[in-house]
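Here are my notes on this one, in the order I'd go through it on screen. Have the viewer open while you read.

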Amino acid sequence: MSFADLGLSAEVLKAVADAGYTAPTPIQEQAIPFVLIGRDVLGCAQTGTGKTAGFTLPMIDILAAGRARARMPRSLILEPTRELAAQVSNAFETYGKYHKLSMALLIGGESFTDQERKLDRGVDVLIATPGRLLDLFERGKILLSDVKILVIDEADRMLDMGFIPDVERIVGLLPRIRQTLFFSATMPPEIRRLADAFLMNPKEISVAPPASPAALVAQHLVTVQPHDKREALRRLIRNEDVKNAIIFCNRKRDVDILNRSLVKSGFNAAALHGDMPQSKRTETLERFKEGEIRLLVASDVAARGLDIQGMSHVFNFDVPIHAEDYVHRIGRTGRAGREGRAFTLATPEDGRFVAAIAKLIGKDIPTVSLEGLGSAELSEEEGDHRRRSRRGRGRKPQDRGRHEAREPAHRDEPRPEAARRDQPHHPPRENGSQRPPLRERARPVTMDPEGKVTLLPRRDERRDEDDSRVVGFGDHLPAFLAHPPRIARG
Ligand code: AMP
């Protein structure tokens, strides 16, 4: 099938040809005709499948007829991160170059004044992260009653980041009669529930199951002891022919620490994570894309959607806790027909995360060893070492709880309770003899009718295991439970 068979206008076809695309991808082939006739679409597709063009190309043609009114956008695209929003806005510019559609990008970290000025002039396409959109709505700067097309992109990522309540609120502000396009890389029950609520008789499309990492990525596992991780990474970078690479850490704090250590060792590296100001994030990403930065040390903010051509390597400095993140991370390389190489550093306590990845991708990641560095045996048990190092983490009292209690620096940042995956673990205590403060030792508990108290894993212990809710008394052990219950006699 060719693009010409999909029903797109001559202008859009010309822009597509200018972009160098010769044939539509499967998601484009399946979605575009349905979007053009006004059907709702439920697309199970990850980034890299060409889904952005799958919705932007037909939207451009639909929106070509009609004009926007001041502060009343005609279409709305919700993206979980600023980077993805910016990428979609670039796609609109590329594919809409022969149209006169107006567009505004509402993302945190950018000046409100510029964004408001654009909205005042009227926009056909509004691309936004949920938090910033609600901020502007609450300030009366925007009316959503004229939105005819809604796109919810990367819905599962929105869920991970705690944005679903915002998304539900936004959808409640839109006209009920509209066209909705809903994309998600995975369809867990929570996402399916939202899709059922937001879509009317959608055309369901599913391409490239999320468990299939890019075929062109050669994957490697390096097992090391925790204290050898940095050395192992440095050796890998030196041994491999690294043109440019993303090095993923699980936690923002570790991103900064690792970045500083690489720079100190003479590598051309920079950090990227969600706590950095937007201007710095954009600048860093641009410099990485331009080749000025060779190594980008990043949190999972960079795992999805970022389209950086020709990246030679991905390094997982930490094994991702959620197996799907592995697929997303290594999918940053091996793109557009080029080969890529991915290396994952695993320590003994990462055994069960490595096993979960192997289960998801349907094979073991081949192990390689580094000369001079002893390899380590992976354990699928959550070993004593891990438990001890978690329990005994002595953050300063003033630091403790800061992350948990903090309001997000910006509404586009994950909500604290949802950002657990990216939270710093407490650093290991330097003085092993010191007892951790009570609050750190306190565990959630349940008590049965006989008064028997059962200790549950603490929230930070559960974090890496599952996303279940806090039960019982949460993280606190109330003082009265520390004493045996008094039985009244007589
Ligand atoms: P996406 O999944 O939308 O992030 O797209 C991933 C990459 O595929 C982007 O670099 C697009 O420019 C590219 N792309 C989209 N559609 C096509 C196509 N039909 N042929 C070749 N490349 C495409």
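Before the points, one cut-off: buried means under 20% relative accessible area, exposed over 50%, and partly exposed in between, with a 1.4 Å probe and protein chains only. This is a predicted model, where local features need pLDDT of at least 70, side-chain atom pairs count only at pLDDT 80 or more, and totals for chains, interfaces and linings use all residues. Residues are numbered from 1 along each chain as its sequence is written, and side-chain values use heavy atoms, with hydrogens and water left out.

1. Is Glu-154 buried or exposed? Because its relative accessibility is 3%, Glu-154 counts as buried. The residue sits in the loop between strand S5 (149-152) and helix H7 (155-160); helices (H or I, at least four residues) and strands (E, at least two) are DSSP runs numbered from the N terminus. For context, most residues other than glycine have a negative phi.

2. Arg-71, another one to check. Here phi is near 60°, again positive in a non-glycine residue. You'll find Arg-71 in the loop between H3 and strand S2 (75-78). With a relative accessible area of 36%, Arg-71 is partly exposed.

3. The sheet. What is the strand order in the open sheet of 6 strands? Reading across, the order is S8-S13-S12-S9-S11-S10, with parallel pairing. Two strands pair if DSSP finds at least two bridges between them. At the edges are strand S8 (217-223) and strand S10 (269-272), each pairing on one side only. From one strand to the next the twist averages 20°.

4. Around S12. Strand S12 (residues 313-316) runs parallel to strand S9 (residues 245-248), and 4 bridges join them. Across that pairing, Ile-246 stands opposite Val-314. S12 also pairs in the parallel sense with strand S13 (residues 340-346), over 4 bridges, and Asn-316 has Thr-344 as its bridge partner in S13. As for side chains, His-313 and Phe-315 point one way from S12, Val-314 and Asn-316 point the other way, and all are buried. In a regular strand the side chains alternate between the two faces of the sheet.

5. Helices on the sheet. Helix H11 (residues 252-264) lies across S9, S10 and strand S11 (295-298), running at about 170° to S10. Helix H12 (residues 278-289) lies across S9, S10 and S11 too, at about 140° to S10. For these angles, axes are lines fitted to C-alpha atoms, for helices over the stretch in contact, and angles run from 0 to 180 degrees between N-to-C directions. Contact means heavy atoms within 4.5 Å.

6. H11 up close. Its 13 residues reach 19 Å from the first C-alpha to the last, close to the 18 Å expected at 1.5 Å a residue; the expected span is 1.5 Å times one less than the number of residues. Which residues of H11 are buried? They are Lys-252, Val-255, Leu-258, Asn-259, Ser-261 and Leu-262. After H11 comes Gly-266, with a positive phi near 90°.

7. H10 against H11. The axes of helix H10 (residues 229-239) and H11 come within 11 Å and cross at roughly 55°. H10 and H11 are therefore oblique to each other (angles under 35 degrees count as roughly parallel, over 145 as roughly antiparallel, 65 to 115 as roughly perpendicular and the rest as oblique). Arg-230, Leu-233, Arg-234 and Ile-237 of H10 make the contact with Ile-257, Leu-258, Ser-261 and Leu-262 of H11.

8. H2 against H3. The axes of H2 and helix H3 (residues 51-64) come within 9 Å and cross at roughly 25°, which means H2 is roughly parallel to H3. Residues making the contact include Ile-27, Ala-31 and Val-35 of H2 and Ala-53, Leu-57 and Ile-62 of H3.

9. Pro-24. This one lies in the loop between helix H1 (10-18) and helix H2 (26-36). Pro-24 counts as buried because its relative accessibility is 9%. Leaving aside neighbours within four places in sequence, Pro-24 is in contact with Met-1, Ser-2, Phe-3, Leu-6 and Glu-29. The C-alpha atoms of Pro-24 and Gly-50 are separated by 8.3 Å, and these two residues are 26 residues apart along the chain.
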